[in-house]
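Reader: I am new to protein structures and would like to learn how to read one. Could you take me through it slowly?

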Amino acid sequence: MVEIPAVRARLTETTAATGRRLARAIADRTGRGADDLEVRVFTAAVLGALREATVHWAEHGRGDDLVDLLNRTVDTLRTGLTAP
């Protein structure tokens, strides 16, 4: 999926647009500016994590439930990484 240059470019483009919208929503919710460094870092972390979950899902044959993987991803961001 992400090995195809056109797909990778489109993913990057849509992620940037989504990031701007998400940053505005986070800024509104937290009372910070959308260009605030912490808002941008948090937004980038969330988007990067969701992208990795989606890539993982695609690389593993799309057999897992994507919603479950995304929930695991958000849980990992919330609680941090623990030992297996």
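Reader: Where is the place of R62 in the chain?

Author: In this predicted model, R62 belongs to the loop that links helix α2, residues 37-59, with helix α3, residues 66-79. The backbone at R62 has a positive phi of about 55 degrees, although R62 is not a glycine.

Reader: Is R62 buried or exposed?

Author: The idea is to look at the relative accessible area and to call a residue exposed when the value is over 50% and buried when it is under 20%. R62 has a relative accessible area of 53%, and therefore R62 counts as exposed.

Reader: And V55, is that residue buried or exposed?

Author: V55, which is found in helix α2, has a relative accessible area of 7%, so V55 counts as buried. The C-alpha atoms of V55 and L70 are separated by 11 Å, and the two residues are 15 residues apart along the chain.

Reader: How many helices and strands are there in the protein chain?

Author: The protein chain has three helices and zero strands, and its pattern, read along the sequence, is α-α-α. Its C-alpha atoms fill a box of roughly 40 × 35 × 20 Å, taken along the principal axes, and of its 84 residues 19% count as buried.

Reader: What can be said about the charged side chains of the protein chain?

Author: There are 12 positive and 12 negative side chains in the protein chain, and the centres of these two sets lie 5 Å apart. As for the surface, the protein chain exposes about 6300 Å², of which carbon and sulfur atoms supply 57%.

How values were computed
Residues are numbered from 1 along each chain as its sequence is written. This is a predicted model: local features need pLDDT of at least 70, side-chain atom pairs count only at pLDDT 80 or more; totals for chains, interfaces and linings use all residues. Side-chain values use heavy atoms; hydrogens and water are left out. Helices (H or I, at least four residues) and strands (E, at least two) are DSSP runs, numbered from the N terminus. Buried means under 20% relative accessible area, exposed over 50%, partly exposed in between (1.4 Å probe, protein chains only). Accessible areas come from the Shrake-Rupley method with a 1.4 Å probe; for residues, only the protein chains shown count as cover. Lys and Arg count as positive and Asp and Glu as negative; His and the chain ends are not counted. The place of a charge is taken as NZ of Lys, CZ of Arg, CG of Asp or CD of Glu.
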